[in-house]
Protein chains: 2
Amino acid sequence: MSPCSTLTEHLRQKGYRITLQREMIIQTIAHSEQHISAEEVFAEVRKHTPAANLATVYRTLDMLWEEGLACRNDLGECRIVYAALQHGPHIHLVCRYCNRLIDADPQALESLREELDTEYGFTADLQHISIFGVCAGCQLSSEKLKEE
Amino acid sequence: MSPCSTLTEHLRQKGYRITLQREMIIQTIAHSEQHISAEEVFAEVRKHTPAANLATVYRTLDMLWEEGLACRNDLGECRIVYAALQHGPHIHLVCRYCNRLIDADPQALESLREELDTEYGFTADLQHISIFGVCAGCQLSSEKLKEE
DNA sequence: TTCCTTATTGCAAGTATTTGCAATAAGGAA
DNA sequence: TTCCTTATTGCAAATACTTGCAATAAGGAA
């Protein structure tokens, strides 16, 4: 089954109605290689049909996220970005200084996930988590600055 | 030394100018018990002086965050929230459904921090990280829903 | 197939946040 | 102390995102 029909089937079972707009939005994120913004999803949908509105795109993406069918990442600077879940899990390391994005191995999060589950009964979305910090390059240049 | 003067000293050393606005904003977040929004910081500053502008508050808070002197958390729903660092570290668990906030023990993150440092040279801000997911209560009610 | 209920949409207005630019003022140099 | 450079501010406009509400249409019932 294609990722799109899996997603729409899931929604249908939860009682959501399947509209043209929703199908287009799901197709767009499912077929995108990268995480993309709401604005980009809107542009893509508009290529195929004029039946789309930016507010609907925002609402649908947030709904997919709430249902656990898409991931949502705040990359700082108004960069909120979505992706379908068939992308393999990974950690986004976002540099506070240069905004660079580094992908890290999600294995590092397994013990955390287990602890949050047993201790708090909380099912964490760790497939696509964003972690802010300072990358190696920016650390170096800030050290240089201090030496001067 | 008070948290405020530590912060301003740090900024001065980095070459930032210390303005009345910055002092007021630093005082506000340093004395706040809770994480607070830019709007709340602005309201607090305004109580003491009319010399303040919302844009300046946003700029200053982001600057403090970039310098690693404050933390910044996206709690979803346009809830971006700041705090000074003297608050003990903790994890925010944010429920995707009910937006409830649970504080978790930051100890769970130590091994992750080390791994990101050794593997990627990335210094992660894990003192006040937000993790999205589904809380125990919402998981229960969604299971009930399925049974019906 | 037609009808009905109500979830979903589009629109326009609202809130949250960022940005360009001219005016101001911090803090080092004279 | 005064002057000068330029970082910082305030303003107003731009962008990003959300929301209320009337109009539309999905999908189950008849």
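Student: Before we start, what are the ground rules here?

Tutor: It's a predicted model, where local features need pLDDT of at least 70, side-chain atom pairs count only at pLDDT 80 or more, and totals for chains, interfaces and linings use all residues. Residues are numbered from 1 along each chain as its sequence is written, chains are lettered from A and ligands numbered from 1 in the order in which they are written, and side-chain values use heavy atoms, with hydrogens and water left out.

Student: Which residues come nearest to DNA strand C?

Tutor: A residue is near a strand if one of its heavy atoms lies within 4 Å of it. Around DNA strand C there are 20 residues, and Gln21(A), Arg22(A), Thr56(A), Ile18(B) and Tyr58(B) come nearest.

Student: Which helices supply the surface near DNA strand C?

Tutor: Helices (H or I, at least four residues) are DSSP runs, numbered from the N terminus. Here, H2 (20-31) and H4 (54-66) of chain A, plus H4 (54-66) of chain B, each supply at least two residues. H4(B) has the largest share, four residues.

Student: How do I read the polar contacts with DNA strand C?

Tutor: Look for a pair of N or O atoms within 3.5 Å. A base oxygen of DNA strand C lies 3.4 Å from a polar side-chain atom of Arg59(B).

Student: And what surrounds DNA strand D?

Tutor: There are 20 residues, with Ile18(A), Tyr58(A), Gln21(B), Arg22(B) and Thr56(B) the closest. Check the phosphate oxygens of DNA strand D: a polar side-chain atom of Arg22(B) lies 2.5 Å from one, and a polar side-chain atom of Tyr58(A) lies 2.7 Å from one. H4(A) gives the most to this surface, with four residues.

Student: What rotation superposes chain A on chain B?

Tutor: Copies are superposed by least squares on the C-alpha atoms of residues with pLDDT of at least 70 in both. A 180 degrees rotation with 0.0 Å of shift along its axis does it, at RMSD 0.1 Å. That's the relation of a two-fold axis. The same surface serves both copies, as 100% of chain A's contact residues (heavy atoms within 4.5 Å) recur in chain B.

Methods
Polar contact = N/O pair within 3.5 Å; in protein donor to acceptor, adjacent residues only side chain to side chain.
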